[in-house]
Structures are given as structure tokens and as C-alpha cells.
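Subject: Handover of a structure and notes on it

Dear colleague,

Please find the sequence and the structure below. My notes on what was found follow directly after them.

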Amino acid sequence: MSVVVVGSIAFDSVKTPFGQCEQVLGGAANFFSLAASFFTDVKLVGVVGEDFPQNHLDVLRARGIDIAGVTRAPGKTFHWRGEYGFDLNEAKTLKTDLNVFSDFKPNLPVHYRDAETVFLANIDPELQLLVLDQIKSPRLVALDTMNFWIEGKNAALKKAIARVDMLFINDAEIRQLASESNVVKAARAIQKLGPKTIIVKRGEYGAVLFQGERMFYVPAYPLESLFDPTGAGDTFAGGFLGWLDSKGQHHFDDLKEAMTLGSVMASFTIEDFSFKRLEVLQHEEIEERCKTLQQATHSPNTVHLRRPSSS
Ligand code: AMP
């Protein structure tokens, strides 16, 4: 089992009501890889600039993440500057510098091409397509994106979406992509473009999965202290797909479990800036939160309504 992921490997500069950080390590593929590496083998594809610290690549390698598909190119690493208000569900992008990603043409190492699971994390959809073209016969292909690409590369994005089984997207983005304010209708409209399964991430309100006519909700793990939501969505996808890949089957009950793992993994990322929390995370802590979340959401009995005797 293994997951190939392509997406941004970045420096982030982030301001939240609780603090700020300059040029810390970030990027969709980075958060995803670290999260998924708790469950399965991860093969990372991306590009970094001359300014990217070797010791972070060593951290990824130490977690068992294969970085043979990460190229170092002349120039600067991708940089994202964003800000959150007290509503941590909404990131405001202040600046996106693609830098070395502008000219990146991925050429996957041969041993990446047999992967069963592929995650096209947030990055230029044309790059997502180039990676997908090089994988022989994946069993599950999922994609994530954001408003930057919905606005800037809409045609390529729709082409990529048509080729995937599963889409991870937040509620504001799916409304924008489908030009539809109702999230359920928006999900139905996007299903018609290709992906049978849509996972809509709703920040502190959890996430909802649509598959055909079925749906499943998972709440966000209730945290008392949270710091920075950057990367929560990618960490959710890492937990979700890492778990599914490790199980090797994709029945609806497996997807339900994966939703719990996604929510739990995301809860760790938002407890600190960058990957600080993921870097020290232990398997026992993941199990503990899964147990708590499952207990908090499981209602064992079917509801049978009894009419009041007066009626
Ligand atoms: P998330 O909070 O999970 O949606 O993702 C946050 C991560 O996405 C940050 O670490 C950023 O570096 C990265 N990011 C922000 N804008 C873009 C973009 N336009 N393309 C790819 N990655 C991005």
C-alpha cells in the first residue's frame, strides 16, 4: 500500500488572533504527508527552492516519507501569506508567490508509478494532471483545491476533477465552484462532473461526506485551545486517505472510519503553528481522540417516536 501526493511544499507567513509567524514550514503536501505517514507509506512529489532547509526534508525522511520525488530547483520556495480573524474557518490570502512551482514539471520516480492511492493536493491543476498521467492504475484518486485555482485555472481544474473519484473541498470553495449557495445542491452538481464522493470541510462545524445518495457527518474534535487552522484541511485528507490506504478497501463503513481519522488528525494540527504538533504526535494520542470522538457521536439506539397520550 502507498499514497502518492503532489502539492505545495511551502513557507507560510500566518497571522491569527492568537499570534503570528513568518516563513514557517507549510504547504498542502507537507501537512498531508506527515498526517498520512501515521498510517501508510507516503511518496511525496513537489519542488523546493535553494532556501528550503535540508533538516525539514530529513524530518520527512525520518517519518518514513519517500522524498525521491522532491526536486530542489534554483530560486525560492513557494510562499503563502494569510490571515485569520476570530472566525478561524475563513483564511484570507494576502499573497501567493508560486516561485519554483511556476516552472515545475514533475517526473515521477519509477517506484512511485504503482501507487494504489493518489492525492492531488492543493496546487496548479495542470500539475495535478501531469502527476495523474504518470500513475499506472490507481484504485483511488482524490483531489483538493482552493479559490486561487478555482478563479485562476478553472478549465484545467474542471478537467482534473472529471478524472478523480473523490474531492476534498471546503464549503466556501464548493459554493464558488458550483455557483450554488446550498452545499447539498453544490455537492450534487459537482458529483455530476466526475467524483462520486465529495467531502466538504466545514472548519469547526466538522465535515460531511456525500457518496451517491448517502451522506455521513463527522464533527470537529472539540478543542478548548486552538492556535492556527492552517493545514487543517490537508491534515484531514492525510488522516482520511492514509487510513483508507492502510485498510485497502473503500466500503462506506471504511469511509466513515476515515472521516473520524481525518477529524482527529486535523485537531492536532490546529493546536500549534506549522507542523509543531504533528512532529511530536504519538499513536496513542490518535487512538485516544478517536475513542472520545466516537463515544461522543455514537447513539446506539434507533429513535422510535411515541405519541403523547393526549394526542
Ligand atoms: P489548508 O489550511 O489545509 O487549506 O491549507 C493550507 C496550506 O495550503 C498552507 O500551508 C499553504 O502553504 C498552502 N497554500 C495556500 N495557497 C495555496 C495555493 N494557491 N496552492 C497551493 N497551496 C497553497
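How many nonpolar, polar and charged residues does the shell around the ligand have? By class, there are 10 nonpolar, seven polar and two charged residues in this shell. Here Ala, Val, Leu, Ile, Met, Phe, Trp, Tyr, Cys and Pro count as nonpolar, Asp, Glu, Lys and Arg as charged, and the others, Gly among them, as polar.

Before you read on, please note that this is a predicted model, in which local features need pLDDT of at least 70 and side-chain atom pairs count only at pLDDT 80 or more, while totals for chains, interfaces and linings use all residues. Residues are numbered from 1 along each chain as its sequence is written, and side-chain values use heavy atoms, with hydrogens and water left out.

The surroundings of the ligand

Of the 19 residues around the ligand, those that come nearest are Ser8, Asp12, Gly27, Gly231 and Asp234; a residue is near a molecule if one of its heavy atoms lies within 4 Å of it. Several polar contacts can be listed (a polar contact is a pair of N or O atoms within 3.5 Å; within protein, one must be able to donate a hydrogen and the other to accept it, and residues adjacent in sequence count only if both atoms are side-chain atoms). Ser8 places a polar side-chain atom 2.8 Å from a nitrogen atom of the ligand. Trp149 has a polar side-chain atom 3.0 Å from a nitrogen atom of the ligand. For Gly231, a backbone N or O atom lies 2.8 Å from an oxygen atom of the ligand. On its own, the ligand has 510 Å² of accessible area, and the protein covers 90% of it. Such areas come from the Shrake-Rupley method with a 1.4 Å probe, and for residues only the protein chains shown count as cover.

Which elements give two or more residues to the shell around the ligand? They are strand S2 (10-16), strand S6 (78-84), helix H4 (147-152) and helix H8 (232-247). H8 gives the most, with three residues. Helices (H or I, at least four residues) and strands (E, at least two) are DSSP runs, numbered from the N terminus.

Ser8 is found in the loop between strand S1 (2-6) and S2. Is Ser8 buried or exposed? With a relative accessible area of 6%, Ser8 is buried, where buried means under 20% relative accessible area, exposed over 50%, and partly exposed in between (1.4 Å probe, protein chains only). The side chain of Ser8 also reaches the backbone nitrogen of Ala28, at 2.9 Å. Leaving aside neighbours within four places in sequence, the residues in contact with Ser8 include Gly27, Ala28, Phe78, Phe101 and Asn122; contact means heavy atoms within 4.5 Å.

Helix H2 (residues 54-62) has the buried residues His56, Leu57 and Leu60. Seen down the axis of H2, these residues fall within an arc of 100°, so they line one face of the helix. The arc is that of the directions from the helix axis to the C-beta atoms. On the other side of H2, Asn55 and Ala62 are exposed. The cover over the buried residues of H2 includes strand S3 (19-26), helix H1 (28-36), strand S4 (41-48), strand S5 (66-72) and helix H10 (276-280). After H2 comes Gly64, with a positive phi near 85°.

Two buried residues in helices

Asp254 is found in helix H9 (residues 252-269) and counts as buried at 3% relative accessibility. A polar atom of the Asp254 side chain lies 2.8 Å from the backbone nitrogen of His251. Not counting residues up to four places away in sequence, Asp254 touches Trp243, Leu244, Lys247 and Gln249.

Leu127 belongs to helix H3 (residues 125-133) and is buried, at 5% relative accessibility. Apart from neighbours within four places in sequence, Leu127 is in contact with Phe101, Phe104 and Pro106.

Two serines with positive phi

Ser179 is a residue other than glycine, and its phi is positive, near 50°. Ser179 is found in the loop between helix H6 (171-178) and helix H7 (183-191), and at 67% relative accessibility it counts as exposed. Ser274 is not a glycine either, yet has a positive phi of about 50°. Ser274 lies in the loop between H9 and H10 and counts as buried at 13% relative accessibility.

Yours sincerely
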